[in-house]
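Hi,

Here is the structure I promised to pass on.

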Amino acid sequence: EIDHLQVVDVRQPGEWEQGRIAQAVLKPLPKLTAMLGDLDRDRPVAVHCKSGYRSSIGTSLLKREGFSNVMNMIGGFDAWKACALPVVAA
């Protein structure tokens, strides 16, 4: 169920402002571990960036912080757009 999924965008604010996934929350990678208070450790989390590199790091950080059901969105926001999935414009 997509509503149960938490989507975390680890890109920078400038990237976020150029377009984002509607249900995503912005938690830039350098600040990620300091911004976990509103995430539910019992719900699945999908992490994405622009292409997949930063999200792989973010996924590792979340697992280290006790999140057990964490997914790296391979291909990131670029792949999301390439698949013509919905994007919220700035």
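Predicted model: local features only at pLDDT ≥ 70, side-chain atom pairs only at ≥ 80, totals over all residues.

Where is Leu-39 found? It sits in the loop between strand E2 (24–26) and strand E3 (45–48). (Strands here are DSSP runs of E with at least two residues, numbered from the N terminus.)

Residues are numbered from 1 along each chain as its sequence is written, and side-chain values use heavy atoms, with hydrogens and water left out.

Back to Leu-39. Leaving aside residues up to four places away in sequence, Leu-39 touches Gln-6, Val-8, Val-25, Lys-27, Leu-62 and Phe-67, where contact means heavy atoms within 4.5 Å. Phe-67 lies 28 residues from Leu-39 along the chain, with 9.3 Å between their C-alpha atoms.

Next, strand E1. It pairs with E3 in the parallel sense over four bridges, and three bridges join E1 to E2, also parallel. (Two strands pair if DSSP finds at least two bridges between them.) Val-8 has Val-47 as its bridge partner in E3, and Asp-9 stands opposite Leu-26 in E2. In a regular strand the side chains alternate between the two faces of the sheet. In E1 both faces are covered: Gln-6 and Val-8 on one side and Val-7 and Asp-9 on the other are all buried.

What does its side chain make a polar contact with? The side chain of His-48, at 3.4 Å. (That is a pair of N or O atoms within 3.5 Å; within protein, one must be able to donate a hydrogen and the other to accept it, and residues adjacent in sequence count only if both atoms are side-chain atoms.) Asp-9 also touches other residues, including Trp-16, Ala-24 and Pro-28.

Last, the cysteines. With a disulfide taken as a pair of cysteine sulfur atoms within 2.5 Å, the count is zero. For Cys-49, the nearest cysteine sulfur is that of Cys-83, 15 Å away. Cys-49 is buried at 1%, whereas Cys-83 is exposed at 54%.

Cheers

Note on methods
Buried < 20%, exposed > 50% of the residue type's maximum accessible area, 1.4 Å probe, protein only.
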